[in-house]
Amino acid sequence: MDNFEKSLNQVLVDTFNSILKYEETSLKSVLNVPITITETHMIEAIGKQENEGATVSTIASLLNIAMPTATVAVKKLERKGFIRKTPCEKDGRRAIIVLTETGKKIDKAHRLFHEKMVRNISRQYSGAEKEVLLKAITTLNGFFRAKAEV
């Protein structure tokens with residue numbers, strides 16, 4: 001690797017880890033509940049499906065994880081009292097997953113965290129800088145999405 005590639009690698013890894021740590025620390029300070037970032041993102045996916053009704057398969061698809069992984073995570077969230085499963089009226093073999101009141105609070109705190117984070121980042125840049133930053137991150141995101149779909 002040349003110097004640019006070494007620097008880029010370090011910045012990407014450090015940024016990814018810092019975002020996760022910042023998110024985890026912020027949520028724990030606000031919520032005071034034993035929850036991981038992975039669980040928070042699963043709650044977010046369930047919350048987004050609230051109107052349609054989330055199932056294990058829709059959650060697995062949204063988060064791009066295997067069905068057994070989603071099944072185990074859903075059981076853990078249910079044990080913690082963050083979600084509730086109800087039988088599907090159309091198909092008795094399936095369960096509809098909904099957030100409990102605690103799950104809804106976690107989802108709301110997570111959304112507010114992201115709004116605040118983006119607002120605080122945005123304030124640091126001029127209009128032109130925001131355009132360049134958004135274009136660069138959008139391109140980077142496209143690269144990773146394409147690689148993840150392989």
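**View 1. L140 in helix α6.** L140 is part of helix α6, which covers residues 127-148; helices (H or I, at least four residues) and strands (E, at least two) are DSSP runs numbered from the N terminus. This is a predicted model, in which local features need pLDDT of at least 70 and side-chain atom pairs count only at pLDDT 80 or more, while totals for chains, interfaces and linings use all residues. Residues are numbered from 1 along each chain as its sequence is written, and side-chain values use heavy atoms, with hydrogens and water left out. L140 is partly exposed, at a relative accessible area of 32% (buried is under 20%, exposed over 50%, partly exposed in between; 1.4 Å probe, protein chains only).

View 2. The protein chain has 6 helices and 2 strands, in the order α-α-α-α-β-β-α-α from the N terminus. Its C-alpha atoms fill a box of roughly 55 × 35 × 25 Å along the principal axes. Of the 150 residues in the protein chain, 26% are buried. The protein chain exposes about 10800 Å², with 57% supplied by carbon and sulfur atoms; accessible areas come from the Shrake-Rupley method with a 1.4 Å probe.
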